[in-house]
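I opened the model to look up its salt bridges, its nonpolar cores and its surface. The entries below follow the order in which I checked them.

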Amino acid sequence: MKKQKKIPKRRMRETTKPKQKPLIKIRKEAPPRGPEYFTTKNNQLALNYNEYYMSPREKVLYSVLSCVVGALVGYSFFGGLFKDEFNNPTILTLISDVIVMVIAGFVARTIYMPIRQQQLLENRKRQLNLQFRDMLEAVTTSLNTGKNALNAFMEAKTGLANQYEEGAYILKELDIIFGEVRNGMILEDVLEDFGRRSGLDDIMDFANVFRISLMRGGNMRDTIRNTYEIINDKITVQEEIKTMMAGTKLELYMMIVIPVVMIIMIKSISEDFARNFATLSGVITELVSIAIFVAAYFMSKKILDIKA
């Protein structure tokens with residue numbers, strides 16, 4: 001019998017083509033914002049401190065303020081274009097002034113509103129943190145007199161009601177805590193929920209320490225006192241840093257305002273300088289200068305954002 005020749009096996013070529021990248025990149029949508037209020041297990045409305053929703057009054061106030069300031073700044077830099085040879089405004093000058101003011105006002109509002117919203121959010125968290133520190137101090141004092149944890153919180157609310165106006169964040173939170181406890185929730189679960197909603201590490205740490213101390217049968221009075229001292233020292237350092245940086249932030253704001261004031265003074269004092277700013281090269285120079293100042297503002301803001 002004849003031997004059959006072995007046929008060499010051919011390598012299978014890959015038939016699958018590599019996936020081509022899409023020509024158009026799909027823009028990722030921003031994550032949805034959290035709700036303004038959470039509903040507790042006993043149907044109480046509890047504020048979400050991680051999100052700040054402006055009231056209609058705040059939206060109107062800050063929108064009008066930013067648009068007006070932006071329009072004035074835009075007119076100061078780019079107003080008075082397309083004048084005739086005798087330096088008299090033309091119809092194109094009036095049209096360009098209106099367009100410049102509208103665009104500058106819209107851009108200013110677009111930039112300023114998120115910044116202001118973040119400032120209001122941080123200010124609310126700061127107030128809550130300071131009020132929480134005062135609450136811990138009052139709770140520590142009550143525990144030293146021999147009261148249990150829940151009664152110490154109740155007595156602390158009585159003292160804080162004399163210290164803060166009605167509607168203060170910590171007073172509302174204590175009302176929520178007592179309402180939840182009356183309806184069968186345990187105190188440590190309510191404090192933990194408060195810590196999650198606040199978005200503050202100090203409150204969350206206290207809730208965890210409180211739970212562990214109850215579970216292990218620790219000395220509640222000493223535990224809360226030590227926690228208060230640690231949180232108080234941390235907040236004190238943060239406030240000292242804010243005080244030290246206040247002067248530097250004021251200098252930053254002045255450095256932002258000075259160029260606008262200088263442009264207004266130069267244009268109002270000398271017509272020759274005003275004509276130079278109205279040329280193509282002058283407009284380009286002003287655009288570059290504004291871009292540099294905006295970038296410098298955000299860089300300096302990030303540098304000055306120091307946390308303890």
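Is Arg196 buried, partly exposed or exposed? I found Arg196 partly exposed, with a relative accessible area of 48%; buried means under 20%, exposed over 50%, and partly exposed in between, with a 1.4 Å probe and protein chains only.

Notes on the source: this is a predicted model, in which local features need pLDDT of at least 70 and side-chain atom pairs count only at pLDDT 80 or more, while totals for chains, interfaces and linings use all residues. Residues are numbered from 1 along each chain as its sequence is written, and side-chain values use heavy atoms, with hydrogens and water left out.

Entry: salt bridges. I took a salt bridge as a side-chain nitrogen of Lys or Arg within 4 Å of a carboxyl oxygen of Asp or Glu. The structure has 13 of them. Arg196 pairs with Glu192 at 3.5 Å, N to O; both sit in helix H5, 4 residues apart, about one turn of the helix. I also find both in a salt-bridge network with Glu173, Asp189, Asp193, Arg197 and Arg211. Helices here are DSSP runs (H or I, at least four residues) and strands are E runs of at least two, numbered from the N terminus.

Next I looked up Lys234, which meets Asp202 in a salt bridge at 3.2 Å, N to O. This pair links distant parts of the chain, with Lys234 in helix H7 and Asp202 in helix H6, 32 residues apart. Lys234 is partly exposed at 30% relative accessibility, whereas Asp202 is buried at 6%.

Arg126 and Glu239 form a salt bridge with their closest N and O atoms 2.7 Å apart. Arg126 lies in helix H2 and Glu239 in helix H7, so the pair ties together parts 113 residues apart in sequence. I read 33% for Arg126, partly exposed, and 19% for Glu239, buried.

Entry: cores. I used buried Ala, Val, Leu, Ile, Met, Phe, Trp, Tyr and Cys residues joined through side-chain atoms within 4.5 Å as the nonpolar core. The largest has 34 residues, and Phe132 is one of those with the most contacts inside it. H2 gives this core its largest share, 6 residues. Beyond four places in sequence, Phe132 touches Ile170, Phe194, Asp202, Ile203, Phe206 and Ile231, where contact means heavy atoms within 4.5 Å. A second, separate core of 8 residues includes Phe77, Leu81, Ile263 and Phe277.
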